[in-house]
Amino acid sequence: MVYYAWQYLGREIKRCEIEGGETFDFRILPNVGGDSFGQALLQQYLVQEKPDILFVLCDIFMIPYIKGVETAPTKFVMYFPSDGGAQLPTGYQNVTDKADCLVAMSKFAKKQAENLGIKDVKYVPHGTDPNIYHPLDKVQCKRKWSQILKVDLENNFVVGCVARFQGRKMMAEL
């Protein structure tokens with residue numbers, strides 16, 4: 001989310017600071033010009049910046065154009081999710097054939113790729129801090145949010161979901 005906000009403002013990110021003050025120096029270049037998936041600027045950035053690694057985190061269907069992008073000698077690492085279904089999205093080969101390293105963010109996505117004959121898929125789940133992200137008291141949460149939303153949640157079954165509201169995510173099915 002932060003990346004998208006910064007990219008549309010045309011701002012470059014040069015440093016990331018995490019809790020505790022540790023910093024990582026790396027660049028996230030802005031994607032300006034109305035192209036939400038980087039197609040217009042990617043080749044230009046690869047030529048100008050000559051990065052060692054192009055690390056892409058997005059759904060595979062978002063970047064089928066990568067097949068026509070000259071990435072060498074930059075190593076292309078694709079870190080991808082899968083929303084479900086029987087297989088990866090149509091056109092997945094445009095990405096999987098081009099990537100030097102495929103990294104699934106779920107065991108499900110790794111298995112999907114392997115079932116399609118894609119070899120050497122890595123699995124790296126998103127990391128979370130269990131000291132920050134942990135179950136809360138359900139009764140207290142329902143009471144608090146009932147008051148905030150002015151809706152009776154205390155006597156109802158509540159489903160929570162954190163996702164972008166898109167048809168393919170099947171929110172109505174929740």
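**Reading helix H4 and its sheet**

Student: What covers the buried residues of H4?

Tutor: The cover includes strand S4 (75–80) and strand S5 (101–104), where a contact means heavy atoms within 4.5 Å, and where helices (H or I, at least four residues) and strands (E, at least two) are DSSP runs, numbered from the N terminus. This is a predicted model, in which local features need pLDDT of at least 70 and side-chain atom pairs count only at pLDDT 80 or more, while totals for chains, interfaces and linings use all residues. Residues are numbered from 1 along each chain as its sequence is written, and side-chain values use heavy atoms, with hydrogens and water left out.

Student: Which residues of H4 are buried, and which are exposed on the face turned away?

Tutor: Buried means under 20% relative accessible area and exposed over 50%, with partly exposed in between (1.4 Å probe, protein chains only). In H4 (residues 107–115), Ala-109, Gln-112 and Ala-113 are buried; seen down the helix axis they fall within an arc of 95°, taken from the directions from the axis to the C-beta atoms, so they line one face. The face turned away from that buried side carries exposed Lys-107 and Asn-115.
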